[in-house]
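Biologist: I am new to this structure. Please show me how to read its features, one at a time.

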Amino acid sequence: MAVNQTRRRLLAAGAGALALPALTTVPSIAWALPGREHADWLFSAVNDADGRHCIAGITPGGERHFTLAIPERCHGGCLSPAKPQAVVFARRPGWRFYVVDGEAQEVSHQIDAGDGYHFYGHGVFEPAGRYLYVTANRLHDAMGLVRVYDAESDYRHVRDIALDGIGPHEIRLLPDGETLAVGLGGIKTHPDYGRVKLNLKDMDPALLLVNRESGEITARHRPSHHQLSCRHLDVAADGTVIAGYQFQGPEWEAHPLLCRLGPDSAFSELALNDALTASLQQYTASVAISRSRPLVLVTAPRGHKVLLLDHQSGALVAEYALPDAAGARCDGTGGFVVSSGRGGLYRITPGEPEAVALADLPLKWDNHLT
């Protein structure tokens, strides 16, 4: 369906979609199915030039794009392996997730967290695409959960997995198809207090491994400091997990901001030199692991940097200056696509000294590309 038709329907419902200068009518999307490296569309939460919240779809080369207006700011997303659908999750404290029909380029489902719950901005499908696993908070006791939804039954909620901890954030599936990797942030919040952090003195973050069928927590790896909030992560084809931290302690302290969990279950933290660590301003955002070589890309929006590391050795391969570096994904050819909160979309190719600009749009990209 043409983008303009989608926009008319949204306007009729009282929501406005952003018309961008390069907007074109976009054909049905060629979707990522098993065996394909990437989809022909990237999705991200964005704010437009007037501050309105939207979901954007953009081709990896930046040639075409569209936007769909939504009532709240969103964060991360995931693709269905079974249908031409992308799911985008509201930003903490998030009250809904939105299912985008990629062929019609419209929101087909809007799923509420339910009374007494909110989402943390991330989710992942199991390999068959039926069940969606979403990180969430149960408000009455601040218990971190993975809430499970049945995509074949219009995303009906079916059960919860308790994580015995606070603040689960990004969630990924390991190659075995059964084990979920969860970044447990450890930060207690409550919507009555907005995004205020209520337990900084007794945080208990961790990188968790969880069996998605039984709900058993099979591993809990705690950072070297209790205020290193474990947030974002990605998983390599061999099962290696790289996760990024956001330090919640004094600004003059410096701590490792990345950790590695190997396929041999060995857990370690990746130490960068002191000057580089300090330049990241205690904050990492997106983590994206190459599917074709042992490289991981990490964005650091506060430090206006992108880091490229060998995810096996932890060695720094390259660093790039990129203003408000935000979302990151593999480009399917051994490189990466990176968005900027200032509107840019860039390609980073290992071995090349600079990021190449693909697009410059009147959008404020959130910290993730899907």
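Biologist: What pLDDT does the chain average?

Modeller: pLDDT is the predictor's confidence in each residue, from 0 to 100. Here the chain averages 88, and 89% of the residues score at least 70. Over residues 1–39 the pLDDT is below 50; beyond near neighbours in sequence, that stretch has 79 contacts in the model (heavy atoms within 4.5 Å). The model is predicted, so local features need a pLDDT of at least 70 and side-chain atom pairs count only at 80 or more, while totals for chains, interfaces and linings use all residues. Residues are numbered from 1 along each chain as its sequence is written, and side-chain values use heavy atoms, with hydrogens and water left out.

Biologist: How many salt bridges does the structure hold?

Modeller: Side chains of opposite charge can pair when their charged atoms come close. A salt bridge is counted when a side-chain nitrogen of Lys or Arg is within 4 Å of a carboxyl oxygen of Asp or Glu. The structure holds 20 of them. One of them joins Arg212 and Glu178, at 3.5 Å from N to O.

Biologist: Where do Arg212 and Glu178 lie?

Modeller: Helices (H or I, at least four residues) and strands (E, at least two) are DSSP runs, numbered from the N terminus. Arg212 is in the loop between S14 and strand S15 (217–221), and Glu178 is in the loop between strand S12 (168–173) and S13, so their pairing ties together parts 34 residues apart in sequence. Arg212 also forms a salt bridge with Glu213, with the closest N and O atoms 3.4 Å apart.

Biologist: Is Arg212 buried or exposed?

Modeller: Buried means under 20% relative accessible area, exposed over 50%, and partly exposed in between (1.4 Å probe, protein chains only). Arg212 counts as buried because its relative accessibility is 7%. Glu178, at 29%, counts as partly exposed, and Glu213, at 47%, also counts as partly exposed.

Biologist: Which residue forms a salt bridge with Asp331?

Modeller: Arg347 does, with the closest N and O atoms 3.1 Å apart. Arg347 lies in strand S26 (residues 344–348) and Asp331 in the loop between strand S24 (325–330) and strand S25 (336–340), so this pair ties together parts 16 residues apart in sequence. Asp331 is buried, with a relative accessible area of 5%, whereas Arg347 is partly exposed at 25%.

Biologist: Which residues do salt bridges that share partners join into one network?

Modeller: Glu170, Arg172, Asp234, Arg291 and Arg329.
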